[in-house]
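Trainee: Could you walk me through this one before I set anything up? I'd like to take it topic by topic.

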Amino acid sequence: MSQLANRVEQISPFQVMAILGRAKEIQAQGVDVIHLEVGEPDFVASEAVKNAGVDAIEQGLTGYTSATGLPQLKQKIAAHYQDKYQVEVDPNRIIVTPGASGALQLLASLMVDAGKNVLMPDPCYPCNRHFLIQVGANANLVATSAADNFEIPIEKIDTLWNESTTGMWLASPANPTGAVLSKAYIQSALDKVTHLGGHLMIDEIYQGLVYEGEDFTALSLSDDIFVINSFSKYFAMTGWRLGWIVVPEWAIEAATKLAQNFFISAPTISQYAALEAFSESSMGEFEQRRLVLDERRKLLVSGLEGMGLKPVVPAQGAFYIYVDVSSITDDAMSWCLDLLEAEAVALTPGADFGKEQAHKYVRFAYTCDTSRLQQALARIKTFIEARS
Ligand SMILES: Cc1ncc(COP(=O)(O)O)c(C=O)c1O
């Protein structure tokens, strides 16, 4: 009889799959479902990127690249940091990976031994803790509160840290809250973690999608920090499976060795296509989209507030709004399922992102246009009124 590895038991599927599965069923019956559960832009790659991808295929540029990525792509990423964020990054510190997912797996193997743990705020991106389980380690999830912007309070880090803690993983802008960390917070976290002998990782996958507050990179604070990014969100290239990690100089050789073994290389066609992601025309398209997202965000926030569903923290970035529904239900998961059945609006329950208080929250992704958002708001209003 086949026997799965024990660690598989510790990896949970996304709760939103239950919602997605049911949404697909009722959609197949002809019901018009509005999808606000999907953490994926409703935009596609820019014209220039698409054309470069086709050119790469036609020119037969389809073999492996060097393990850490095409040198010219690493140059472009470094130039992007310089042009947009005025930060100098040595291209040799950039490792191109299959999505941010590949970068997170690489980081777990690079920095976390079996039996160790990493501090992370609860709520956070759920796969992070699974990447740690994969290397025999664990996430040390710290319950955070809306009052603290869902940040781990710096003054608590000393007591949360134990002899097995090796670092702290954060994200800004964050999934699921849309919160943006301040420079001052990241600097204090870095100082504290460095003092304790650990590493700091900032997942900047939603970088560029900032509507309030400062859009910056943690690399502006230090070279001794791990920064993860991706072409999935701002560049709208989810299925191209391309991301990157910037590592400190002392970690380049080890990270390269792991990239060689894990991936051989990131997808080649995507890498050639991504060379065009930083062109003036592409960046112009992305900025236009950011403005579109901001318009949607404002519409959704004011519509939800009109129903008494205020975002728990200002939705400053990414394309998410995190809402406390505890005044109308004591179980957000069943509330989401009931809303789907009654009004065909799909949302993601908080339970996907954490354990503490998760039953109180729901995540809205504004990944559909304003007319659909207006329809969604009207349906949610009908749903709430019918139950009150
Ligand atoms: C915070 C965060 N990190 C990483 C990822 C993984 O993204 P990808 O592998 O598509 O780059 C996601 C995807 O939603 C995310 O929200």
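Mentor: Let me begin with a definition: a salt bridge is a side-chain nitrogen of Lys or Arg within 4 Å of a carboxyl oxygen of Asp or Glu. This is a predicted model, in which local features need pLDDT of at least 70 and side-chain atom pairs count only at pLDDT 80 or more, while totals for chains, interfaces and linings use all residues. Residues are numbered from 1 along each chain as its sequence is written, and side-chain values use heavy atoms, with hydrogens and water left out.

Trainee: OK, how many salt bridges does that rule give?

Mentor: The count comes to 17 salt bridges.

Trainee: What does K298 pair with?

Mentor: The side chain of K298 meets that of D294 in a salt bridge, at 3.3 Å from N to O. Both residues lie in helix α10, four residues apart, which is about one turn of the helix; helices here are DSSP runs of H or I with at least four residues, strands are DSSP runs of E with at least two, and both are numbered from the N terminus. Salt bridges that share partners join E212, D294, R297 and K298 into one network.

Trainee: And is D294 buried or exposed?

Mentor: D294 counts as buried, at 12% relative accessibility, where buried means under 20% relative accessible area, exposed means over 50%, and partly exposed lies in between, with a 1.4 Å probe and protein chains only.

Trainee: Which residue forms a salt bridge with R290?

Mentor: R290 forms a salt bridge with E287, and their closest N and O atoms are 2.9 Å apart. The two lie three residues apart in helix α10, which covers residues 280-306, so about one turn of the helix is between them. R290 is buried, with a relative accessible area of 16%, whereas E287 counts as partly exposed at 30% relative accessibility.

Trainee: Switching to the ligand, which residues are closest?

Mentor: The ligand is surrounded by 13 residues, of which the closest are A100, S101, D203, S230 and S232; a residue is taken as near a molecule if one of its heavy atoms lies within 4 Å of it.

Trainee: What is the strand order in the open sheet?

Mentor: The open sheet has three strands in the order β9-β12-β11, with antiparallel pairing, and two strands pair if DSSP finds at least two bridges between them. Its edge strands are β9 (320-324) and β11 (348-349), each of which pairs on one side only. Five bridges join β9 to β12 (residues 361-365), and Y322 stands opposite R363 in β12.

Trainee: Backbone next: where are the cis peptide bonds you'd point me to?

Mentor: The peptide bond from D122 to P123 is cis, with omega near 15 degrees, and P123 is in the loop between β3 (117-122) and α5 (127-134). The bond from N175 to P176 is also cis, with omega near 20 degrees, and P176 sits in the loop between β5 (165-171) and α7 (183-195).

Trainee: And what is phi for I264 and for Q357?

Mentor: Phi of I264 is near 60 degrees, a positive value in a residue other than glycine, and I264 is found in the loop between α8 (252-263) and α9 (268-274). Phi of Q357 is near 65 degrees, likewise positive in a residue other than glycine, and Q357 is in the loop between β11 and β12. I264 counts as partly exposed at 40% relative accessibility, and Q357 counts as partly exposed at 32%.
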